[in-house]
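Reader: Hi! Could you walk me through this one? I'm new to reading structures.
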Amino acid sequence: MLETLGNLGAGFSVALSPPILFYAFVGCVIGTLVGVLPGVGPLAGISLLLPATFGLDATRAIVMLAGIYYGAMYGGSTTSILMRIPGEAASVMTCIDGYAMARKGRAGAALAIAAVGSYVAGTGSIVGLMALAPPLATFALRFGPPEYTALYVLGLLVLAYMSSGSMVKSLAMAALGLLLGMVGIDQMTGYFRYAYGVVELGDGLGVVPVAVGLFGVAEILASAGQPAPPEVIKPRMRELLPTRQEWRESGWPIARGTVLGFLIGILPGSAHIIASFVSYAVEKRWSRHPEQFGHGAVAGVAGPESANNSATSGAMVPMLALGVPSGPIPAVMLAAIMVHGVAPGPLLIQQQPQLFWGFIASMYVGNVMLLILNLPLVGLFVNILRVPYPYLYPAILIFATLGVYAVNNSVVDVWIMLVTGLLGWLLRKLDFETAPVVLGVVLAPLLELSLRQSLAMSDGHYGIFVQRPIAATLLAAGAALVLLNLYSFVRRGLDWRAKLALAEKGEAQ
Amino acid sequence: MRQGVVTLFTLLALVTPLAAMAQEAYPSRPITLVAPFPPGGVADLTARPVAAAMEKVLRNPVGVVNKTGAAGAVGMQYVAASKPDGYTLLLALSSISIIPEADKVFDRPPAFTVDQFAPIALISADPTILVVPADKPWKTAKDFIEDARKRPGQISYSSSGIYGTLHMAMELLSHAAGIRLRHIPTPGAGPALTAILGGHVDALASGPAVVLPHLKSGKLRALAGWGDKRVAALPDVPTFKELGYPDAEFYIWAGVFAPKGTPEPVLAKLRETLRVAVGEPEFKGAMDKLETPIVFKQGEEFQKFFDADARRLAAGVRKVGRVEDKK
């Protein structure tokens, strides 16, 4: 412990040196910007900046690139809250309650809570990264295809458990999402599925165009269809800060989101997206007022926004401790330090203490910078809501289209956004939730691949899922969840979900 | 308003022939080098220093654009279909020869064909090497192959995806040695490495640079390489050729291509540019750090290498065939 503190002290002397401070700042600013722009996520930002880091040394390069990564998690909530367009995929869940808060005139509070939650999660998870990196990374490697399959199945069950309103409807939406996720090359055999000769569809439907379409475009279409335009929200300065009550409601969700996000972040894959989904589900489950979710629950913003931030630190655990990239973003960051002749791998921490501890310390510093950068911006961003809708909506559409195009420089993605936008509008009219669709699209390729990989490993024997302890435990948890649900269903008939659905119907009349 | 539009079109009409004339002195505007894979991969990491070095030689901007998707097919198709004027170039990997063959296997119209490209120069070629977890019993490639003969379909390996480079390398070996292994495809070279480090598969064919740190730390063991010669960083690891499997030859290579029909003077200029560019100390330094040896071939020499490689891979893809047909 004392040694860790000593190392950290040395790290801070690196992180607080003016050049490192400067590059951390640049990274944080760029990260906030790519987070705010829908579509352009941290991966695009980091890739664009990668060549610029060739001229720097390894520590400066990784400090700047990491700044972009966690900076984007701060910025991502902005458009979700203000316009219901996820700034990047990990902010999908924030669209639901963040936007609902904005409609109630609490946009400033939502933005401030997202920023503070991100800060707490960012800082808290670095402690985890520092203390637990090597043992956790080894544990994460034990997650092979069967463990992932079990994890994703559990995720879907949790989703079903958390749904408000009709469970049938939300399971139907999750199924729709899973089906949409089937589009693309079959990873096991190389067949194109549902591509109809469009090469771009070989990669499947991207999460970003689908999410921006289902949330953002659908929202605009729905508003445009109303007989009277919605009232323009005029936020007042004194309403920008969260109330005491709102702070109290966000405390535990932030803490839970931090721990959850970090743990999920360690696992390879698009962890920051899944972390935010799981956190939302957990908060809804834990909440004493689950009926508020979807109508501006503070916890629905605080939890996921904290989780996606601490997932970024989690993702760096296998990267720094083992030299194994846990996703595309850490892969680019590894490439950036390899270009400078630093070999990533299990020996990195010993051989490059200056880089490792300087990097850790710079993340503490960067999170402080981001908080200072983002809180005053809240006042600025909220003013967007003052723009009258006839100007605001076309501008948002342009903004969303540019962002979605920029992800892969692909016009096909823009079409996907528009078509899913129409679909989202239709589903809203029919009273379906769209968040499960997005979760389905995220999970389908992952679940399918890991399931089929597992069966390839076991030569087709399903026993592999119960023979391996981690997979078996996860599946048992899922089964328990189902049984618990059945029990309360049989015993009470009407639980909170049904009551909530009734309340919603009353509201609709 | 209408007046404005008319003026705009008139201006465009005037400017277009000017642009065409300006092309006489190639290059007169920025060149795009398309990397058909996402940032951080071999194609991207090679493309960036190549572009930087070309820019210096040509004194003209050369930008890298990642046009990714469908295992590289999207970017390759894009370049194949773009104007053959030397302003859109492709940095391709071995998969350029694999994708059209795989399309044939599935009877689908190919996204592009190999003869839609004019090869300019080969930049690097790195043989794959066979690695296994250090706790596995096989000490040599011979042990591995003999065990695989005894237990057909039992020893598993991860790859960068079906018909991907790491899959093809293993298939070429399987056919050369007459063994059958169990294939576990993953979405890329990174996840394939994670799978073997986590102990979920028994073997992996990988580029040397990626596994070197793990060989040094003692987590993995290298058994043999697919190259014509031994890998410089691993002098003790034999090649399959030495072991009596000359057909198990495979390289992860990177080369620059232009669309077919690019005027010969432009191609000549590009060949010359790349020849000078690979000699730039900064370029050498960048490739050194990636532990990727520069193997420069152009003109006839590259064409010969390319043809031989394409033949080997085409035969490999045909032998694999459609995956489920084998059962």
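Author: Happy to! Let's begin with one residue: V131(B) stands opposite L204(B) in β8(B). Strands here are DSSP runs of E with at least two residues, helices are runs of H or I with at least four, and both are numbered from the N terminus.

Reader: Is this from an experiment or predicted, and how do I read the labels?
Author: This is a predicted model, where local features need pLDDT of at least 70, side-chain atom pairs count only at pLDDT 80 or more, and totals for chains, interfaces and linings use all residues. Residues are numbered from 1 along each chain as its sequence is written, while chains are lettered from A and ligands numbered from 1 in the order in which they are written.

Reader: Ok, how many bridges join β5 to β8 in chain B?
Author: Three bridges link β5 (residues 129-133) of chain B with β8 (residues 203-206) of chain B, and the two run antiparallel. Two strands pair if DSSP finds at least two bridges between them.

Reader: What's the order of the strands in that open sheet?
Author: In chain B the order of the five strands is β7-β6-β8-β5-β9, with mixed pairing. β7 (182-185) and β9 (220-225) of chain B each have a single partner strand, so they stand at the edges with one side lacking a neighbour in the sheet.

Reader: Switching topic: how is chain B divided?
Author: Into domain 1 (29-125 + 251-320) and domain 2 (129-249), with bounds from an automatic or database domain assignment. Their centres, taken over C-alpha atoms, are 26 Å apart. Domain 1 of chain B gives 19 residues to the contact and domain 2 of chain B gives 16; being in contact means that C-beta atoms, placed from the backbone, lie within 7 Å.

Reader: And which element gives the most on the domain 1 side?
Author: That's α11(B), with six residues.

Reader: What about chain A touching chain B?
Author: That contact takes 41 residues from chain A and 42 from chain B. On the chain A side, the largest share is the six residues of α13(A).

Reader: Last one: how do α4 and α15 of chain A pack?
Author: Helix α4 (residues 58-83) of chain A and helix α15 (residues 353-382) of chain A pack at an angle of about 30°, with axes 9 Å apart. Axes are lines fitted to C-alpha atoms, for helices over the stretch in contact, and angles run from 0 to 180 degrees between N-to-C directions. That makes α4(A) roughly parallel to α15(A) (under 35 degrees; over 145 is roughly antiparallel, 65 to 115 roughly perpendicular and the rest oblique).

Conventions. Two residues are in contact if their C-beta atoms, placed from the backbone, lie within 7 Å.
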